[in-house]
Amino acid sequence: MERRSFLKKAAVGGAAGAIAAPSLAADLPTLNWRLASSFPKNLDTIYGAAETFCNRIKELTDGKFNIRPYAAPEIVPFNAVLDAVKDGTVEIGHTASYYYYGKDATFAFDCAVPFGLTSRQQTAWMMHGNGMKLMREFFAEHNVVNFLGGNTGTQMGGWFRKEIKSPEDLKGLKFRVGGFAGKVLAKLGTIPVQVAGGEIYTSLEKGAIDAAEWVGPYDDEKLGFNKVAKFYHYPGWWEGGAQLSFYVGKKEWDKLPKLYQAAIETASLEAHVNMQAKYDARNPSALARLIQDKTILKPFPQSVMEACFNAAQETFTEEAAKNPKFNKVYMDWVAFRNNQAQWFNVAEQSFARFNMARKLK
């Protein structure tokens, strides 16, 4: 008798829930937002993360929360997305935080720092270390709420007209390189230049720059860099795991229904994972094609890596001494980085050194 009574009540409750659900959905507002991307539309992986994000938001909210992505520079230039979100020109942006290094070096921790974290380590710091907490505190000063927005993995060192054989070859080199890396390389006599992704090819072709880095083989092949520079150096020590971010204006975020906030959090994580997976899947074949097309693949010499590492350490020390915000994040970040290095050297690197040097039959 008690069981029949329980089932009857459950059935009634379920019916009430079924009736209430559409009513709840009907009460949610229809919103149309604009997203400013820092990336050109032809780069389907890095720009595509914004498309993945927007499509998922629409699905999760049954078409009531619509975000339209705009490629750079349709609304604002690639390095103006932060201000566009902060000032309310757009509600949301997708960008690389180190583009705003000139405003404050602390921004770089939300993307990539020289000789820093790999993709997995960066995500670990953000999600299960103090990374997200510290960066949310920092971004709050700019009226922005930040979310994970993808990762490229370890990047290539870039395209050079002449081979880099020693630190001396970096002197006077006009190098398209972003953020923190530019300041480090300047210590070695390099002239860092910031150029939008869609303008790199023309700058190399016309000789406005001598070298350029972007991401890796899949994007670099699309952009045609191998046609205007022959030497392809690696690794991109300044981007061991370059994280992209979604920025949401704080005022707009606070106005969102909880369901829409949850949709943003969920969609950002999906876009984050998907970008890394796509690069990992596409880069090997692209690199093989580039080599077949007579690209000369070269590692940076040990002397260059050592000189850059020492210059990076000097830069960290100088910035920490003058910038309390940077120092606060750096102290947590560097402890996490060094701890991760110890662990990854035990299992991950020992496995990779042996396994990746061999092909299975």
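1. A contact here means heavy atoms within 4.5 Å. On that basis, among contacts between residues at least 6 apart in sequence, 78% join residues at least 24 apart. Please keep in mind as you read on that this is a predicted model.

2. Now the overall picture. The protein has 13 helices and 11 strands. Its radius of gyration is 23 Å, close to the 21 Å that the globule rule gives for 361 residues, so the protein is as compact as a globular protein of that length. The C-alpha trace spans about 85 × 50 × 45 Å along its principal axes.

3. On burial and surface, buried residues account for 50% of the 361 residues. The protein exposes about 17500 Å², and 55% of this comes from carbon and sulfur atoms.

4. Helix α11 (residues 302–322) is worth a look. At 1.5 Å a residue, its 21 residues should span 30 Å, which agrees with the 31 Å between its end C-alpha atoms. Its buried residues include Ala-307, Cys-308, Ala-311, Ala-312, Thr-315, Phe-316 and Glu-319. An α-helix has 3.6 residues a turn, so residues three or four places apart point the same way. The cover over the buried residues of α11 includes α6 (179–186) and α12 (324–346).

5. Next, the salt bridges, of which the structure holds 21. In one of them Lys-328 pairs with Glu-137, with the closest N and O atoms 3.1 Å apart. Lys-328 belongs to helix α12 and Glu-137 to helix α5 (residues 131–140), so this pair ties together parts that are 191 residues apart in sequence. Lys-328 is partly exposed, with a relative accessible area of 49%, and Glu-137 is partly exposed too, at 34%.

6. Glu-163 forms a salt bridge with Lys-298, the closest N and O atoms being 3.8 Å apart. Since Glu-163 sits in the loop between β5 (158–160) and β6 (174–176) and Lys-298 in strand β11 (residues 296–299), the pair ties together parts that are 135 residues apart in sequence.

7. Is the salt bridge between Arg-176 and Glu-213 made by buried or exposed residues? Arg-176 and Glu-213 are both buried, and their side chains meet at 2.8 Å, N to O. Arg-176 lies in strand β6 and Glu-213 in the loop between β8 (211–212) and α8 (217–223), so the pair ties together parts that are 37 residues apart in sequence.

8. Two last items to check by eye. Asp-44, Lys-222 and Lys-278 are linked in a network of salt bridges.

Note on methods:
Residues numbered from 1 in each chain as written. Predicted model: local features only at pLDDT ≥ 70, side-chain atom pairs only at ≥ 80, totals over all residues. Heavy atoms only, no water. Helix = DSSP H or I, 4+ residues; strand = E, 2+ residues; numbered from the N terminus. Rg over C-alpha atoms; globule rule 2.2 N^0.38 Å. Buried < 20%, exposed > 50% of the residue type's maximum accessible area, 1.4 Å probe, protein only. Areas by Shrake-Rupley, 256 points an atom, 1.4 Å probe, with all protein chains shown as cover. Expected span 1.5 Å × (residues − 1). Salt bridge = Lys/Arg side-chain N within 4 Å of Asp/Glu carboxyl O.
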